[in-house]
Amino acid sequence: MNPEAKPICAILVHVADVARALDWYQAAFPQSVRRHLEAFEFQFLDVGGICLEIVAADEKVGSGASGSVVYWQVDDLDAAVEHFTAIGATLYRGPIDIQSGLRMCQVRDPWGNCIGLRG
């Protein structure tokens, strides 16, 4: 393992409508940059050096809340929740108080996947 590499390089999000979800996630993470791999005809979002890969749900991996949740650090949890719900996410769990005056919660995207927010 390269000690200088970031420990997380990509996150796959499984959805029923990849094109619509790419647009939604780009609105959810406005700092993201859309990238295109021509050799594979594949688009993904670069969010601060992490590849957010929106892929088709299938019989092996469906969409929805059923497993691991990635938490994104935010400066203002209330503002982040307001932003996500304004574009169609729903509050799923929390917010709850955690250590050092921080709070966390989960919102669900339009395909039922959980997005963790912590700040």
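Is Asp-23 buried, partly exposed or exposed? With a relative accessibility of 48%, Asp-23 counts as partly exposed, because buried means under 20% relative accessible area, exposed means over 50%, and partly exposed is what falls in between (1.4 Å probe, protein chains only).

## Before we start

Keep in mind that this is a predicted model, where local features need pLDDT of at least 70, side-chain atom pairs count only at pLDDT 80 or more, and totals for chains, interfaces and linings use all residues. Residues are numbered from 1 along each chain as its sequence is written, and side-chain values use heavy atoms, with hydrogens and water left out.

A word on names: helices (H or I, at least four residues) and strands (E, at least two) are DSSP runs, numbered from the N terminus. Two strands pair if DSSP finds at least two bridges between them.

Strand 2 (residues 33-37) and strand 3 (residues 42-47) pair in the antiparallel sense over 5 bridges. These two strands make a hairpin with 4 residues between them, and Glu-41 in the turn has a positive phi of about 50°. You can follow Leu-45 across: Arg-34 stands opposite Leu-45, and the bridge partner of Leu-45 in strand 4 is Leu-52.

## Phe-44, tucked away

Now pick out Phe-44, which sits in strand 3. Phe-44 has a relative accessible area of 9%, so it is buried. Contact means heavy atoms within 4.5 Å. Not counting residues up to four places away in sequence, Phe-44 touches Leu-22, Val-33, Arg-34, Arg-35, Leu-37, Cys-51, Leu-52 and Glu-53. As for Pro-30, it is 14 residues from Phe-44 in sequence and 14 Å away in space, C-alpha to C-alpha.

## Charged pairs

Side chains of opposite charge can pair when their charged atoms come close. A salt bridge is a side-chain nitrogen of Lys or Arg within 4 Å of a carboxyl oxygen of Asp or Glu. How many salt bridges does the structure hold? There are 3.

Take Asp-23, from the opening question: it forms a salt bridge with Arg-34, and the closest N and O atoms are 2.8 Å apart. This pair links distant parts of the chain, with Asp-23 in helix 1 (residues 18-28) and Arg-34 in strand 2, 11 residues apart. Arg-34 is partly exposed, at 29% relative accessibility. Another salt bridge joins Arg-35 and Asp-46, whose closest N and O atoms are 3.7 Å apart. Arg-35 lies in strand 2 and Asp-46 in strand 3, so this pair ties together parts that are 11 residues apart in sequence. Arg-35 counts as partly exposed at 38% relative accessibility, whereas Asp-46, at 18%, counts as buried.

Arg-103 and Asp-78 also meet through their side chains in a salt bridge (2.6 Å, N to O). Here Arg-103 is in strand 7 and Asp-78 in helix 2 (residues 77-86), 25 residues apart. Arg-103 is partly exposed at 24% relative accessibility, and Asp-78 is partly exposed at 48%.

Strand 6 and strand 7 pair in the antiparallel sense over 5 bridges, and Arg-93 stands opposite Gln-106 in strand 7.

## Asp-109 in its loop

Finally, find Asp-109 in the loop between strand 7 (103-108) and strand 8 (114-118). Asp-109 is buried yet has no salt bridge, and the nearest side chain of opposite charge, Arg-108, is 6.6 Å away. (Lys and Arg count as positive and Asp and Glu as negative; His and the chain ends are not counted.) Leaving aside neighbours within four places in sequence, Asp-109 is in contact with Val-13, Trp-24, Tyr-25 and Ile-115.
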